[in-house]
Amino acid sequence: MSGAVPSSPDSFFQVTRRSHSQSPKTQFISEYRAIKGRSDKETPKTSFEHYLLPSPPQYPPPPTPTPPNSAPISSALCSPLFPISPRIETPNLAPDVAEKLAKKQKSRKERATEMMETEKTYVNSLQIIFDKMIEPLQTKAENEKERILRYNQIMDIFSNWETILTLHKRLLDKIINRMRDWTDETHIGDIFAENTAWIKLYKHYVNNFDNSIIALETCKKNHPEFFKMMQKLDYSEMMCGLNLQAYLILPVQRIPRYVLLIQDLLKFTEQNHQDYELLNKALVIIKEVADYVNANKSSADHITKLHNISTRITDYPKKEDPLVQPKRNLLREGCLHWKKQRYYVFLFNDVVLFTKPIGKRYKFRFLIKLSTAMLNSHSSSGDHHFEIMSPSGAFRLTADPSSEKDLWIKEIQDSIEGSKQNMISSALGGGPKTDAEGSKKFKQLEEEKNTKKRKESVLQLVEKEREYYNSIVYIQTVFFEPISQLPEAIISAKDRSDIFMNLEQLTHTHQSLLEALETRWSGYENNTQIGDLFLNLSEPLLKQYPEYISNYAKAKHRLECCYGYSQFAVFLLDLESREKKTLIELITIPLRRLSHYYLLLQEISQYTPTNSEDYNNLKSMVDSLRQSNEKLELNTVARLKNMKKEGSSPGMV
């Protein structure tokens, strides 16, 4: 059955195996829309009997076909099951007004076409990295002998690239379908307005961008096979003449581009057009993401600039001191003279790098670490000289041009002071503290700073736990409990168990954890320990989550199958429509919880005194979480390997 109107209630409710050419959910939705319509004005009914449709609706006879050159078919003559979209009426327009409107409609289609073409280019770029890098690396990671990088290292570099690719493939398909049947009434704004996945996906990518570039440099340095792979691919024809760095910045640049495209499309959309409101709604959503990207783009720009510089410098000792580092910023570049030789100098906030220009590249000569340097800005050799003194020697420098001497002096002096402060802070961050490392007052300030940061991190942990607990309680009360009340004829107990897995056990465990955290937080001034609370619940946490994760693929498969049960699908679709959330998305929430705890507890441990009991407890829990995550990773690899051998679906493994 593929969208045809059922001839009887029995034929509608009969649970049969459907053709694999169309998924059960997709096929059911088309049937459901044809029979019930999509009226949002109906008052939702809570009883499941509402979803047992008693009889098929009575359809009016089809309208008489309109002969050529006659008036358009009125919407009043058409079946109510297929409502006609409102048209932009243009009766009796003056020739000049009609011509102006036609030009505007033509421009609107051109802007929509531009959006489609740029989306094709973007998706193609995402696909190149997945095909040439991510997928080959993941495949080799399954075999220890062939492995180039571990799964966690691949994730560190590419973050959620694959998920972004999947999102934009679906987005492109929708745009292409609209453009294929384009008319003056076609709308496109809903494609963006209804997709709230934008915000989380791109925020996550931007947040991890700095670490992504650092991970890339680290892996190139520590893994020779990966370095060879990058040498072969970067700037090659397969990569369209670009390097990986140029591709990694693409998602950061893409979102602001959508803002411009949608704003341009709005200029050529009439205010009474059905797409005008949808485009404005989409613009609000995309702007929220764009604002976040722009607010965090400066950090990404710094890292990108460092990487671009590193590719232009030859013979740089990367193993001793990688040029690309998270807190390193380029402050100034230009020419300085030393010993009658001209150098091209890069001033960073922690080092001064001296190079010799060779064509479009720079040959590394030496660098000065500013944390152990001093500046003498009153050299006796003349007003245009200044001197940097370091353990490796004294460097009397001349600015070129001399008018920039004061700018160099100020920025070098500021960098020296900042580098020394950072060095002392790092030294006091761990290990025994001595008087040589700074004044008692400074150490006291650092301890107060760490105490404050630790308290903020603990508060974040409590708030995140409360938010997470509420989310799984929401799944339990809004979805699990109503579905549990349905008769066995609509959905079996086994199907319910397969779909919701051990969610009920997780809910009880997190109720205990949240109560313990909130109690500890309320008396935080008297007891600041956190690690012991997690150690007390480590056994259920480290047992229940692997069980949930290992059963997720089966749960997803079972839920997809259940969409083939007409009565259950009616119930679930209405429930999802009212809640504006889908169950298949909600059951993914617990999947990365252990990784989330690993990061949060690791952050708290950084601000915890190393000689404290809580530090040992936190370290023990962090190690357990790391081992659990690595074990889950290995199990996933083994399961995927079995799937490839047996040719079975994820839900059946």
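In helix H15 (residues 493-500), the buried residues are Asp495, Arg496, Asp498, Ile499 and Phe500, where buried means under 20% relative accessible area, exposed over 50% and partly exposed in between, with a 1.4 Å probe and protein chains only. H15 is followed by Met501, which has a positive phi near 50°. Helices (H or I, at least four residues) and strands (E, at least two) are DSSP runs numbered from the N terminus.

The model is predicted, so that local features need pLDDT of at least 70 and side-chain atom pairs count only at pLDDT 80 or more, while totals for chains, interfaces and linings use all residues. Residues are numbered from 1 along each chain as its sequence is written, and side-chain values use heavy atoms, with hydrogens and water left out.

The chain's secondary structure comes to 22 helices and eight strands, and buried residues make up 41% of its 653 residues. Among contacts (heavy atoms within 4.5 Å) between residues at least 6 apart in sequence, 67% join residues at least 24 apart.

Two packed helices are described by the angle between their axes and the distance between the axes. Here the axes are lines fitted to C-alpha atoms, for helices over the stretch in contact, and angles run from 0 to 180 degrees between N-to-C directions. Two pairs are set out below.

| Helix pair | Angle | Axis distance |
|---|---|---|
| H3 (residues 95-141) and H11 (residues 250-267) | about 170° | 9 Å |
| H4 (residues 151-158) and H8 (residues 209-222) | about 130° | 7 Å |

Angles under 35 degrees count as roughly parallel, over 145 as roughly antiparallel, 65 to 115 as roughly perpendicular and the rest as oblique. H3 and H11 are therefore roughly antiparallel to each other. Their contact includes Arg108, Met115 and Tyr122 of H3 and Arg254, Tyr258 and Leu265 of H11, and its residues divide into nine nonpolar, two polar and nine charged. In this division Ala, Val, Leu, Ile, Met, Phe, Trp, Tyr, Cys and Pro count as nonpolar, Asp, Glu, Lys and Arg as charged, and the others, Gly among them, as polar. Among the buried residues of H11 are Arg254, Tyr258, Leu261, Ile262 and Leu265.

H4 and H8, by the angle between them, are therefore oblique to each other. Gln153, Asp156, Ile157 and Phe158 of H4 meet Asn211, Ser212, Ala215, Leu216 and Cys219 of H8, a contact whose residues divide into five nonpolar, three polar and one charged.

A nonpolar core is a set of buried Ala, Val, Leu, Ile, Met, Phe, Trp, Tyr and Cys residues joined through side-chain atoms within 4.5 Å. In the largest one, of 84 residues, Phe158, Phe192 and Phe226 touch the most other members, and H3 provides the largest share, 13 residues. Leaving aside neighbours within four places in sequence, Phe226 is in contact with residues including Met133, Leu137, Leu216 and Cys219. A second, separate core of 55 residues includes Val458, Leu533, Leu537 and Leu601.

Two further positions complete the account. Glu194 lies in the loop between helix H6 (189-193) and helix H7 (197-207) and, at 63% relative accessibility, counts as exposed; Glu194 and Leu278 are 84 residues apart in sequence, with 9.2 Å between their C-alpha atoms. Asn616, in helix H22 (residues 613-646), counts as partly exposed at 46% relative accessibility, and its C-alpha atom is separated by 8.9 Å from that of Ser605, eleven residues away along the chain.
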